Structures are given as structure tokens and as C-alpha cells.
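Please look through the sequence and the structure before reading the grouped points below.

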Amino acid sequence: MMSNITRKTALESRHRALGSDLTQSWNGMPIPQNYATDPYDEVAATRYRAGLIEVTGLNIVNVSGPDATKFLNYLLTTDVSKAAVGDSHISNTVNDAGALIDDVLVYVDGQNTFRISHGGGAFGEALKEYASKYDVKIEPDDDVHILSLQGPVALEVLAPHTPADLSKLGYFKHLKTTLFGRPVSIARGGYSGERGYEVFTSREDAGFIWDSILEAGKAKGVMPVSWTCLDIVRVESGLLFFPFDMPHGDTTPWEVRADWTIDLSKPDFRGKAAVAASKGKERSFITGLEVDSHEAVTPGAKVFAGGKEVGIVTSTTFSQHLGKSLAMAQIAPSHTALGTAVEINDGGKVLNAHVVRMPFYDPLRFRTHPASER
């Protein structure tokens, strides 16, 4: 609701001109949940051309100082000391009980100099709780605006307008440069399952960069896309959204199959002992389902097998692109094998479903990082 608004986007007038009422918010910032355009047309643009979305609702925090690496290594499950300048990587933060409290993206800007992007969890509170024990400087950045261009032509659209060689920018790499003559940081990545780039710019330059990207991509069919579109493509791509895909309240990293974000070889991190102890004791695993339905299932619907409840649906969409009703669910380990048949009780309506591989779209992720780059 608008009463929760604590931050403002420099692109408000542009979102309203595109048909958004900006009545929904995330992390205190209004978001364009819908535009006047059809979300499925926006999905088609993202899959075949490129879509531009503002994701400034992410929380950005700069962490620097002599103890910055040591500090982040205590708060995060990955080992940030293993990342080089220009790298970025997904990590998680857990509480003392080993339960997920936020997911984060770490950008290494320099020695002991990091940008942290995090969502709606408790990472910000953890920063404040433990900062006094380290020689670090923590600076939330409410000036930065993040414009994400996602889709097959994203490189073609941006490359002519920056001196950086974006064709050589690897997956989950980033650099500082200029775009359309304005200072920016460009990161390769995104939330769409397509090759994409996230442009970090100032509030002052955000409108100019937004307009310039759309103008540069106009002949290639680039269009602004809404958060409804973003939710469709991220479910198609099997990408999780904290905390909606973590329904236990104390979901462990193992239960969302985030083993690759856990570095137990580190000397210590918050919740390490509890995380290690919880391995092998998973109550459920995030699991992909194809549902026999012509519409999306309601998140929160219960999953059954043989009359017994075995899970809960977390994120869903009807994918026109794939022609399927898709659901992610937390399901008991005994019922997560590929092909396992289950039933979903959606408000009294019983639907057949079966377990499939995730991501649903581009299962080998060739779209985001093709074989030539592996």
C-alpha cells in the first residue's frame, strides 16, 4: 500500500505514463506491478527481443573498511575472500539456528570494498547488529537506480553506447564505465533466464538512461516490462523469491537446494554449526511441478500424494511461452523424484501434477551463459 512508501523512484512519471498506478510497493519503494500493455506481450519481448525493467526496489548497501571482507564472511554463507574485483556472486545469510533470513548478491568493487544487493529479508538488521565488532563502514545507497535490460538483443542494444567491451563481460561480472556518456556500473545477470545486463546509475541520470535505452532498442522491439512480467519469467526460469519460496519460516539453505552457496570450509560464519547439522535433515525440497490446468495455481495450495499432504505450493504462473501451468513447491523428499505424480488442492479444486526438472525454461541455462563461455 502507498502508506508503506519510504523511498521514491526518479522514474515515477514514466511508469505512470506507461499505465502503472504504482499502488504496490517492495522494500518501501513503489513498483510498476502492471502497465497498460499485456504482461504476456512483455514476456514475449523479453524472450525474443529484450525488456527493460526498473529494479531499484532492491536494497543496496556499500560495505567497506579494513575488516569488510572479514565482516561479510561472518554474515554470509559464501567465502567472499575467494572473489576477485569485478566478480559478483549470490550468497545467503542465516540466523544462529541456520535458517535463511535473506538472499544477497555481492559485488566486489575493490579490496575490502563491496556493494551488497538484498531483498526484503533481515540482512540489513544483521549488518547493524554485528558492525560494531568490526572496523567497517556501512552506507545504504538510496541514490542508485537499477535498470535491467533482459533478452537476446540486450548486448546489441547497449554495446554501441559504452566504451566497455560488453561482449567480453562474463556472467556474474561487472565493471564501471559510461553508458550514453553518463557514469554507470554495468553487471551481467538478471532475473529472467535470458542474457541480460543491470545498469546501476544515479537518481539524476536514471531518466536519461531509461529513455536512451528504450530509444536505442526501439528498432529491435525493446519495450518496458512490468513486475508481473518479471514474476512470470523468473518462475519459468526456476528462480526463487525470498521469502515466498521458503514457507517453513525457518527454511534451511539445503531445502532450497542452495548447497552451492554454503562454504563449510570457512573457519566460521553465523549459524555455521546449525547449517552443517541440518544437512540430511531436510523436511522438504524446492521442486518443480507441471500442473494439468489452463491457469496458474494459487500459491499456498497444498500438495498431496496417496491422500497424504506432502507439500505446499510456493510460486506459480501460467506460461504462455511454454504452454504450461507451472508451480514451484516445497515437497517432502520422498516425493521429489522426476515424474512423481501428485495432486494439488487449490481451494477445493483437485488438480493432477507431476514433478519435472527445474528450471522449466532453458534447463541447462544456455541462454544466460552459453556453452562457448563455460
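A residue is called buried when its relative accessible area is under 20%, exposed when it is over 50%, and partly exposed in between, using a 1.4 Å probe and protein chains only. Six of the eight residues of α3 are buried by this criterion, so α3 is largely enclosed by the rest of the structure. The model is predicted, and local features therefore need pLDDT of at least 70, side-chain atom pairs count only at pLDDT 80 or more, and totals for chains, interfaces and linings use all residues. Residues are numbered from 1 along each chain as its sequence is written, and side-chain values use heavy atoms, with hydrogens and water left out. Helices (H or I, at least four residues) and strands (E, at least two) are DSSP runs, numbered from the N terminus.

- The buried residues of α3 are A68, T69, F71, L72, N73 and L75, and what covers them includes β4 (59-64), β5 (88-94), β7 (113-118), α4 and β8 (137-140), where contact means heavy atoms within 4.5 Å.
- Helix α3 (residues 68-75) packs against helix α4 (residues 123-130) at an angle of about 125°, with the axes 11 Å apart; axes are lines fitted to C-alpha atoms, for helices over the stretch in contact, and angles run from 0 to 180 degrees between N-to-C directions.
- The two helices α3 and α4 are therefore oblique to each other, given that angles under 35 degrees count as roughly parallel, over 145 as roughly antiparallel, 65 to 115 as roughly perpendicular and the rest as oblique.
- On the α3 side F71, L72, Y74 and L75 take part in the contact, and on the α4 side they meet F123, A126, L127 and Y130.

**The five-stranded sheet**

- Five strands form an open antiparallel sheet in the order β5-β6-β7-β4-β8, where two strands pair if DSSP finds at least two bridges between them.
- The edge strands of this sheet are β5 and β8, each of which pairs on one side only.
- Strand β6 (residues 100-110) runs antiparallel to β7 and is joined to it by six bridges, and V104 stands opposite H118 in β7.

**The six-stranded sheet**

- Six strands form an open sheet of mixed pairing, in the order β10-β11-β12-β9-β3-β13.
- At the edges stand β10 (174-179) and β13 (223-224), each with a single partner strand, so one side of each is left without a neighbour in the sheet.
- Helix α6 (residues 203-217) packs on this sheet and touches β3, β9, β10, β11 (182-188), β12 (196-201) and β13, while its direction makes about 15° with that of β9.
- Within the sheet, β3 (residues 51-54) and β9 (residues 145-150) pair in the antiparallel sense over four bridges, and I53 has S148 in β9 as its bridge partner.

**Strand β15 and its partners**

- Strand β15 runs antiparallel to β16 (residues 308-319), to which four bridges join it, and the hairpin of β15 and β16 has two residues between the strands, with G306 taking a positive phi near 60°.
- Three bridges join β15 to β18 (residues 341-346), again in the antiparallel sense.
- V303 has a bridge partner in each of these strands, namely G311 in β16 and I344 in β18.
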